[in-house]
Amino acid sequence: GAAPYSTLVPSDNVTINYRHGLPVITLTLPTRCERCQFTVKPVVTTVGAFLQDVQREDKGIERAEVFATDGSKVSHATLMEVLLMNDFKLVINNTAYSVSPPVKDKLSNEHATEMEDIKCLVHRLFVALHSEEHQIKKERELLQKLDHLKEELLPLEQMKARIVDSADAKTSRLLWVGLALMSTQGGALAWLTWWVYSWDIMEPVTYFITYGSAMAFYAYFVLTRQDYIYPDARDRQFLHYFYRKSKTQHFNVERYNKLKEDLAEAEESLRRLRHPLHLRLPIQEISDKD
């Protein structure tokens with residue numbers, strides 16, 4: 001509500017005095033022609049709040065605005081602390097009052113710096129007093145998120161395990177089939193060389209077989225842009241079987257990967273939250289835990 005006021009000698013000007021460190025603005029209410037005092041808290045009171053108090057005291061005030069000396073309107077969100085640093089004009093209805101705050105009570109730069117330091121200190125105290133509560137709340141939220149993600153991942157993990165086993169079995173069978181074919185080819189070439197034909201006849205055959213193998217490896221590079229290295233080729237074939245099986249089993253790989261990324265991110269956030277530095281443990285305990 002409005003600040004307490006008292007009836008004074010009628011006057012047409014607006015005065016500002018400081019009492020107990022707070023500015024007291026005295027002005028004449030137009031309806032009753034009474035002098036009213038408004039005690040404001042400059043650090044928290046805005047221009048809009050002050051004007052509302054003035055209009056609340058006199059219902060006959062239809063217009064109440066504040067202008068700077070250059071004629072620009074002062075925003076209602078401006079703090080009274082800032083307004084009282086310089087002269088200004090107070091317009092009530094159709095009357096304009098020129099207001100000059102006392103020079104000795106204007107906010108100095110040093111005082112403004114002290115106020116900022118006090119605000120910073122209050123903020124730090126608030127954080128220190130509420131950090132533990134915030135940390136517990138955040139940890140609870142992360143644990144709930146982890147439980148939810150693990151619950152969603154459980155059926156996907158089971159389905160993935162079955163698909164991995166199937167793809168791995170097919171890949172292993174393919175490797176054994178390749179070994180069997182190579183063994184058969186070696187045995188056939190040896191049989192043709194020593195029992196059917198001579199080496200003079202089989203040498204061109206083995207040359208073209210070797211050249212054909214080189215062409216096959218080069219074709220693999222052209223198609224995959226990868227060298228034909230057995231572990232990489234095995235992994236590529238495994239992924240081929242895995243995605244083909246996933247499609248038939250309606251396994252959403254993209255959703256599974258997204259859930260795994262969210263789970264890893266939540267676990268990392270929880271690990272950082274539980275880090276000894278956040279728990280304010282001494283350095284020795286940090287070394288022991290790490």
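Visitor: Of the 290 residues of the chain, what percentage count as buried?

Guide: The model is a predicted one, and its accessible surface comes to about 20400 Å², of which 57% belongs to carbon and sulfur atoms. A residue counts as buried when its relative accessible area is under 20%. By that criterion, the share of the 290 residues that count as buried is 27%.

Visitor: Which pattern of helices and strands does the chain follow along the sequence?

Guide: The chain has seven helices and six strands. Among the contacts with a separation of 6 or more, 58% are made by residues 24 or more positions apart. Read along the sequence, the elements follow the pattern β-β-β-α-β-α-β-β-α-α-α-α-α.

Visitor: In the open sheet of three strands, which strands stand at the edges?

Guide: The three strands are arranged in the order S1-S2-S3 with antiparallel pairing. Strand S1 (15–19) and strand S3 (34–39) each have a single partner strand, so one side of each is left without a neighbour in the sheet. From one strand to the next the twist averages 30°. The strands at the edges are therefore S1 and S3.

Visitor: Which residue in S2 is the bridge partner of Tyr18?

Guide: S1 pairs with strand S2, residues 22–29, in the antiparallel sense, and the pairing runs over five bridges. Within S2, the bridge partner of Tyr18 is Pro23.

Visitor: Which residue in S5 stands opposite Phe67?

Guide: S4 and S5 also pair in the antiparallel sense, over five bridges, and S4 is mostly covered, with four of its five residues buried. Opposite Phe67, the residue in S5 is Lys89.

Visitor: Which element supplies the largest share of the largest nonpolar core?

Guide: This core has 24 residues, and those touching the most other members are Leu27, Phe50, Val66, Phe88 and Leu90. At least two residues each come from S2, S3, helix H1 (47–57), strand S4 (64–68), helix H2 (80–83), strand S5 (88–92) and strand S6 (95–99). The largest share, four residues, is supplied by H1.

Visitor: Leaving aside neighbours within four places in sequence, with which residues is Phe50 in contact?

Guide: Phe50 belongs to the group of core residues that touch the most other members. Once its neighbours within four places in sequence are set aside, the residues in contact with Phe50 are Ile25, Leu27, Phe38, Val40, Thr45 and Met80.

Visitor: How many residues does the other core have, the one that lies apart from this one?

Guide: Among the members of that other core are Leu156, Ala167, Phe238 and Leu259. Lying apart from the core of 24 residues, it has a membership of 18 residues.

Visitor: How far apart do the end C-alpha atoms of residues 174–193 lie?

Guide: The unreviewed UniProt entry places the feature "transmembrane region" at residues 174–193 and 205–223. In the model, the span 205–223 is 100% helix and 0% strand, with its end C-alpha atoms 27 Å apart. The span 174–193 is likewise 100% helix and 0% strand, and its end C-alpha atoms lie apart by 28 Å.

Visitor: Does Thr193 count as buried or exposed?

Guide: Thr193 has its place in helix H3, residues 109–196. Leaving aside neighbours within four places in sequence, Thr193 is in contact with Ser198, Trp199 and Met202. The relative accessibility of Thr193 is 12%, and the cut-off for this class is under 20%. Thr193 therefore counts as buried.

Methods: Residues numbered from 1 in each chain as written. Predicted model: local features only at pLDDT ≥ 70, side-chain atom pairs only at ≥ 80, totals over all residues. Heavy atoms only, no water. Pairing = 2+ DSSP bridges. Axes fitted to C-alpha atoms, helices over the stretch in contact; angles between N-to-C directions. Core = buried A, V, L, I, M, F, W, Y, C linked by side-chain atoms within 4.5 Å. Buried < 20%, exposed > 50% of the residue type's maximum accessible area, 1.4 Å probe, protein only. Contact = heavy atoms within 4.5 Å. UniProt positions renumbered as here; feature names shortened; annotations may be inferred. Areas by Shrake-Rupley, 256 points an atom, 1.4 Å probe, with all protein chains shown as cover.
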